[in-house]
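Trainee: I keep meeting labels in structure reports. Could we go through one model and test each label against its cut-off?

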Amino acid sequence: MADSHPLVRLETVALIAIGGFAGSNLRLFAMGVVPDTASIVLVNAVASAVLAVVVYEAEAAGRLSSRARLVFTTGFLSSLSTYSTFALQAALASTPLALLGIVAANYGFGLAGVLAGRALARRLGGPRPAGGETA
């Protein structure tokens, strides 16, 4: 198997690191442009939508290789989104209403992003090539 060669694995790790660097810096940029709580909701919702596009693209068309999906999802998108900051913001909420708003916004917009991403991937997917992979 060519994918099990140490240099292929090292290349994948390096690509995940590059994706992680890009995703975390994009999150930092968003936090500088939009207020903290709103920026976390925004990056979590966007990352959820894009993740759904990537995952469901594999189901609908299978054009991305499993390695490309791994690098993009594990590297870029996991660094763009942030459950830990969402959880911290929820724990530090000043009122029960703020807590409810933070939780509802993150989960609500995240789920909406997944549903929108899935619909987009299926619409753009077209015919699936024979022998393609699944998510």
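This is a predicted model: local features need pLDDT of at least 70, side-chain atom pairs count only at pLDDT 80 or more; totals for chains, interfaces and linings use all residues.

Trainee: What makes up the secondary structure of the protein chain?

Mentor: The chain has 5 helices and 0 strands. Helices are DSSP runs of H or I with at least four residues, strands are E runs of at least two, and numbering starts at the N terminus. The pattern along the sequence is α-α-α-α-α.

Trainee: How much of the chain is buried?

Mentor: Of the 135 residues, 31% are buried. Buried means under 20% relative accessible area, exposed means over 50%, and partly exposed lies in between (1.4 Å probe, protein chains only).

Trainee: Why are α1 and α2 called oblique to each other?

Mentor: Helix α1 (residues 6-33) and helix α2 (residues 36-60) pack at about 140 degrees, with axes 8 Å apart. Axes are lines fitted to C-alpha atoms, for helices over the stretch in contact, and angles run from 0 to 180 degrees between N-to-C directions. Under 35 degrees is roughly parallel, over 145 roughly antiparallel, 65 to 115 roughly perpendicular, and the rest oblique. So α1 and α2 count as oblique.

Trainee: Which residues make that contact?

Mentor: R27, A30 and M31 of α1 meet D36, S39, I40 and V43 of α2. Contact means heavy atoms within 4.5 Å. By class, the residues are 4 nonpolar, 1 polar and 2 charged. Nonpolar covers Ala, Val, Leu, Ile, Met, Phe, Trp, Tyr, Cys and Pro; charged covers Asp, Glu, Lys and Arg; the others, Gly among them, are polar.

Trainee: Where do α2 and α4 meet?

Mentor: D36, T37, I40 and N44 in α2 touch T85, F86 and Q89 in α4. This contact divides into 2 nonpolar, 4 polar and 1 charged residues. The axes of α2 and helix α4 (residues 83-91) come within 10 Å and cross at roughly 145 degrees.

Trainee: Why does T74 count as partly exposed, rather than buried or exposed?

Mentor: T74 has 37% relative accessibility, so the in-between label applies. T74 lies in helix α3 (residues 66-80). Leaving out residues up to four places away in sequence, T74 touches I16 and R69. T74 and L15 are 59 residues apart in sequence, but 9.9 Å apart in space, C-alpha to C-alpha.

Methods: Residues are numbered from 1 along each chain as its sequence is written. Side-chain values use heavy atoms; hydrogens and water are left out.
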